[in-house]
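Visitor: I would like to learn how to read the features of a structure like this one. Please take the overall picture before the details.

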Amino acid sequence: LFCVAARVRNVFFEFLRQHPAPALHWHQALIEMRSETQRYNIEESFRETFSRLGLNAPHRLANELWSEFEGFWHQHFLSDRHMHFDQAYPGAVDFVQALFNEKKEIVYLTARSRERTAGGTLASLRREGFPTGEGTHLFMKSLPDDSDLVFKRKVCSVLKSRFNVRVFVDNEPENLVMAAREFPRAQIVLFHTVMSQRIPTENFGHLLGERLPLRLLSYSRGQQ
């Protein structure tokens with residue numbers, strides 16, 4: 001539902017502001033850090049940026065920068081502090097609101113840390129205009145050692161005992177494969193945006209059966 005590119009950029013800006021001796025090409029990376037150029041892997045984003053800038057040894061430069069930035073990124077990106085920079089994808093609010101208006105129960109399922117980001121996540125949902133409160137449910141990770149997939153599998157086991165799940169939307173293929181198995185009658189939808197390179201270990205087509213695989217390119221009407 002949310003594009004986090006602005007949050008990544010502002011955390012990086014804060015890092016440069018606090019670093020005692022930021023290199024010139026680090027500032028060049030900040031200028032180039034736009035939503036359309038960001039990747040799931042931040043180090044890969046830096047490498048591609050340095051390659052576009054024509055710098056020598058982009059892999060080495062990206063590795064050096066990430067080794068400096070990684071600790072700061074984990075501390076600040078995965079917290080409430082910069083979460084107000086997140087922006088709903090175009091059409092996402094209307095998409096969810098339309099389902100809510102049809103009296104559908106809305107489940108927000110995110111692997112963000114409940115302890116560190118619950119307040120910021122709920123504030124972002126409300127700020128952008130997503131339905132909250134009665135008729136909606138927010139599930140967040142409470143056990144940090146659980147992988148995202150393990151956490152979502154646990155939640156889905158609970159959901160299938162409480163709800164007749166009709167639609168499951170996610171941007172990670174491994175989560176979609178898991179959902180296809182957990183919810184044999186639900187529509188499984190890939191929202192095609194930034195995703196990891198993790199490869200599912202099960203056959204998606206086999207789990208879907210007669211269901212059609214659906215890909216959502218945009219939440220906006222006319223661009224789906």
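Guide: Accessible areas come from the Shrake-Rupley method with a 1.4 Å probe, and for residues only the protein chains shown count as cover. Here the protein chain exposes about 12,700 Å², of which carbon and sulfur atoms supply 52%. This is a predicted model, in which local features need pLDDT of at least 70 and side-chain atom pairs count only at pLDDT 80 or more, while totals for chains, interfaces and linings use all residues. Residues are numbered from 1 along each chain as its sequence is written, and side-chain values use heavy atoms, with hydrogens and water left out.

Visitor: How many helices and strands are there in the protein chain?

Guide: Helices (H or I, at least four residues) and strands (E, at least two) are DSSP runs, numbered from the N terminus. The protein chain has nine helices and seven strands. Its radius of gyration is 19 Å, close to the 17 Å that the globule rule gives for 224 residues, so the chain is as compact as a globular protein of that length. That radius is taken over C-alpha atoms, and the rule is 2.2 Å times the number of residues to the power 0.38. Along its principal axes, the C-alpha trace spans about 55 × 40 × 35 Å.

Visitor: What percentage of the 224 residues count as buried?

Guide: Buried means under 20% relative accessible area, exposed over 50%, and partly exposed in between (1.4 Å probe, protein chains only). By that rule, 43% of the 224 residues count as buried.

Visitor: Which residues of helix α5 are buried?

Guide: In α5, residues 92-101, the buried ones are A92, V93 and V96. Seen down the helix axis, they fall within an arc of 95°, so they line one face of α5. The arc is that of the directions from the helix axis to the C-beta atoms. The general idea is that an α-helix has 3.6 residues a turn, so residues three or four places apart point the same way. Exposed residues D94 and N101 are carried on the face of α5 turned away from its buried side.

Visitor: What covers the buried residues of α5?

Guide: Contact means heavy atoms within 4.5 Å. The cover of α5 includes β2 (87-88), β3 (106-113) and α6 (114-128). Helix α6 is also the place of S124, which is buried at 1% relative accessibility. Leaving aside neighbours within four places in sequence, S124 is in contact with F2 and M83. For the protein chain, residues 24 or more positions apart account for 64% of the contacts with a separation of 6 or more.

Visitor: Where is K103, and is its side of the chain buried or exposed?

Guide: K103 is found in the loop between α5 and β3, and it is exposed, with a relative accessible area of 74%. K103 has a positive phi of about 70° although it is not a glycine. Another residue other than glycine with a positive phi is A57, near 55°. A57 sits in the loop between α3 (42-52) and α4 (58-77) and is partly exposed, at 36%.
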